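The sequence and model come first.

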Amino acid sequence: MDLDSQQKESVCVKEVHKDSAADKDGRLRKGDLILAVNERSLRDISFRDAVQVLREAASPLRLLILRENAQKLFTTHQCSDLMGSDRKI
């Protein structure tokens, strides 16, 4: 996966490499914003530090993603609706 820094507080997926773990999983897409990794926010940290957080993240990897034109925020493991309940996706 290639990343791009759009703003100080966001990390954008520039490309999902074919046959990578992200590609095989199928949920991460070009243009997605990664907001958190394993419950660690990427907000207000440098792009370099965000990349470090991603590289050092333990498995299973949990990402909080914002997708343009999406109806909701989602993670790769759980989704919280506006009422605060958790459900698997």
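Is Leu63 buried or exposed? Leu63 is buried, because its relative accessible area is 5%, where buried means under 20% relative accessible area, exposed over 50%, and partly exposed in between (1.4 Å probe, protein chains only).

The model is predicted: local features need pLDDT of at least 70, side-chain atom pairs count only at pLDDT 80 or more, and totals for chains, interfaces and linings use all residues. Residues are numbered from 1 along each chain as its sequence is written, and side-chain values use heavy atoms, with hydrogens and water left out.

**Core**

Leu63 belongs to strand E5, residues 63-66. Helices (H or I, at least four residues) and strands (E, at least two) are DSSP runs, numbered from the N terminus. Leu63 and Leu33 are separated by 30 residues in sequence, with their C-alpha atoms 9.8 Å apart.

Leu63 is also among the residues with the most contacts inside the largest nonpolar core, along with Leu28, Ile34, Val37 and Leu42. This core has 14 residues. Two or more residues each come from strand E2 (10-15), strand E3 (33-37), helix H2 (47-56) and E5. H2 gives the largest share, 3 residues. A nonpolar core is a set of buried Ala, Val, Leu, Ile, Met, Phe, Trp, Tyr and Cys residues joined through side-chain atoms within 4.5 Å. In soluble globular proteins, nonpolar side chains tend to be buried together.

**Salt bridges**

The structure holds 4 salt bridges, a salt bridge being a side-chain nitrogen of Lys or Arg within 4 Å of a carboxyl oxygen of Asp or Glu. The table gives the N to O distance for some of them, including the pair of Asp25 and Arg27.

| Salt bridge | N to O distance |
|---|---|
| Asp25 and Arg27 | 2.7 Å |
| Arg62 and Glu39 | 3.4 Å |
| Asp44 and Arg43 | 3.9 Å |

Arg62 is partly exposed, at 24% relative accessible area, whereas Glu39 is exposed, at 69% relative accessibility.

In the pair of Asp25 and Arg27, Asp25 is partly exposed at 42%, and Arg27 is partly exposed at 28%. Asp44, the partner of Arg43, is exposed, with a relative accessible area of 51%.
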